[in-house]
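Work through the exercises below with the coordinates open. Try each task before reading its solution.

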Amino acid sequence: MSLRFSTSIATIAVAAVCGLTVAGSAQAENLRGWNVHVEDYPVSHGMEAFVKEITDKTDSEITGKVFHGGVLGSQPDAIEQLRLGALDFGVFSMGPVGQVVPEASIVSLPFIFSSVEAMYELMDGEAGEAINAGLEAKGIKALGYYDAGARSFYNSKKAINTPADVEGMKVRVMNNDLFVGMIEAMGGNATPMAFAEVYQSLKTGVVDGAENNPPSYESTNHFEVAGFYSLSQHLIIPECLCMSLRTWNKLTPEQQEIVAAAGKHSTDYQRELWQEREVASMDKVVDSGVEVNIIKDKAPFQAAMEPVYATFLEANPDLTPLVELFRSK
Ligand code: BDP
């Protein structure tokens, strides 16, 4: 609360100073970027490449700094800050974004994408544009979709092979009601919690498990305190390289073109890095003794998720055609 307050005061103060000193000329921008991940992570490298390209192509008219490791606050807070213009850009999982933008929740429906390739195709095409319009209506400009692979369950108790294995388990989820419904549909107890708190909560038994992609499971050291990783791959959630619409609207058309191109290039770069890191992360957790099990038959998990779709479509009947479009590939 107090952080948000002081940040907005600072923003107003900076805006006032800039208004006085450079009125009438093209305004130099120093963009602030939010990132939840550690510095050596595909998202982080993608964001750094984005800033570098913008700085180079604008001859430093626009510069920027990425604040890694979630030091500027939790993801739900950062999404709000970005909408207000107190943050200029960030990479957000569409999971928590969906709590603000209903369209964005479509990509958080379990098993909505048949594969990561289908996700790329849909997000880069007409379906992605429909989501982008929803984001824009809430003050968020999408510049590209990073890869975050597929999320699977991990816990400290036992291997999960069927939905019944989740029964009675305390599972941490990201901030979106959909994920609470997802765990409850299998008889588990869902706890929405900030990413930064998960390690300690797993360690002390506040939760039994969580779910994430291999690079996040590995880079957070969650594998050290939750040694069963069951490859359910129930969620393929892309991540948005997003800019505050307020920041975007301050740019000249030429600057916007540069920023959009940098967004596209950093997305291509991140997707390449992602593929490599997924393999490296799996190797690392397997080498450290994690018990990984592949769930070959995902049909029981898919069937268990029907109530999640029903609840979502009941609350958002107008999004039915878009959900169908996403399910068509
Ligand atoms: C990671 C996402 C990150 C989320 C995190 C989480 O990259 O944006 O904050 O999962 O589970 O995979 O909170």
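**Exercise 1. A strand and its partners**

How many bridges join E5 to strand E8 (residues 209–212), and do the two run parallel or antiparallel?

Solution. The model is predicted. Start with the pairing. 4 bridges join E5 to E8. The two strands run antiparallel.

Now turn to strand E9 (residues 228–235). E5 is joined to E9 by 4 bridges. This pairing is antiparallel. Here Tyr-154 has Tyr-229 as its bridge partner in E9.

**Exercise 2. Burial along E5**

Determine how many residues of strand E5 (residues 151–155) are buried, and which way each one points.

Solution. Count first. A residue is buried if 20 or more other C-beta atoms lie within 10 Å of its own. In E5, 5 of the 5 residues are buried, so the strand is largely enclosed by the rest of the structure.

Then assign directions. In a regular strand the side chains alternate between the two faces of the sheet. Arg-151, Phe-153 and Asn-155 point one way from E5. Ser-152 and Tyr-154 point the other way. Residues on both sides are buried.

**Exercise 3. Parallel strands around E1**

Find the strands that E1 (residues 29–34) is joined to, and describe the unit that E1 forms with helix H2 (residues 42–57).

Solution. Take E2 (residues 62–67) to begin with. 6 bridges join E1 to E2, and the strands run parallel. Leu-31 is bridged to Gly-64 in E2.

Next comes E3 (residues 89–93). E1 and E3 are joined by 2 bridges, again in parallel. In E3, Gly-90 is the bridge partner of Trp-34.

E1, H2 and E2 together make a β-α-β unit. Its hand is right.

**Exercise 4. Two domains and a ligand**

What domains does the assignment give, and which residues surround the ligand?

Solution. The domain assignment gives domain 1 (28–147 + 238–269) and domain 2 (151–236 + 280–310). Their centres, taken over C-alpha atoms, are 26 Å apart.

Look at the contacts between them. 22 residues of domain 1 are in contact with 18 residues of domain 2. On the domain 1 side, the elements giving two or more residues are helix H3 (75–84), helix H4 (94–97) and helix H6 (116–123). By class, that side has 12 nonpolar, 10 polar and no charged residues.

Now list the ligand shell. Val-36, Gln-75, Ser-93, Ala-148 and Met-174 are among the residues around the ligand. The list also includes Phe-195, Asn-212, Asn-213, Ser-216 and Glu-239. The shell divides into 4 nonpolar, 5 polar and 1 charged. Each of domain 1 and domain 2 supplies at least three residues to the shell.

**Exercise 5. Positive phi**

Where do Asp-59 and Phe-111 lie, and what are their phi values?

Solution. Asp-59 is in the loop between H2 and E2. Its phi is near 50°, a positive value in a residue other than glycine. Asp-59 has 7 C-beta neighbours inside 10 Å, so it counts as exposed.

Phe-111 lies in the loop between helix H5 (102–105) and H6. Phi is about 60° for Phe-111, positive although the residue is not a glycine. Phe-111 is partly exposed, because 19 other C-beta atoms lie within 10 Å.

Key: Residues numbered from 1 in each chain as written. Predicted model: local features only at pLDDT ≥ 70, side-chain atom pairs only at ≥ 80, totals over all residues. Near = placed C-beta within 6 Å. Nonpolar A, V, L, I, M, F, W, Y, C, P; charged D, E, K, R; others polar. Domains from an automatic or database assignment. Pairing = 2+ DSSP bridges. Right-handed = clockwise from strand over helix to strand, strands pointing away. Contact = placed C-beta atoms within 7 Å. Buried ≥ 20, exposed ≤ 12 C-beta atoms within 10 Å, placed from the backbone.
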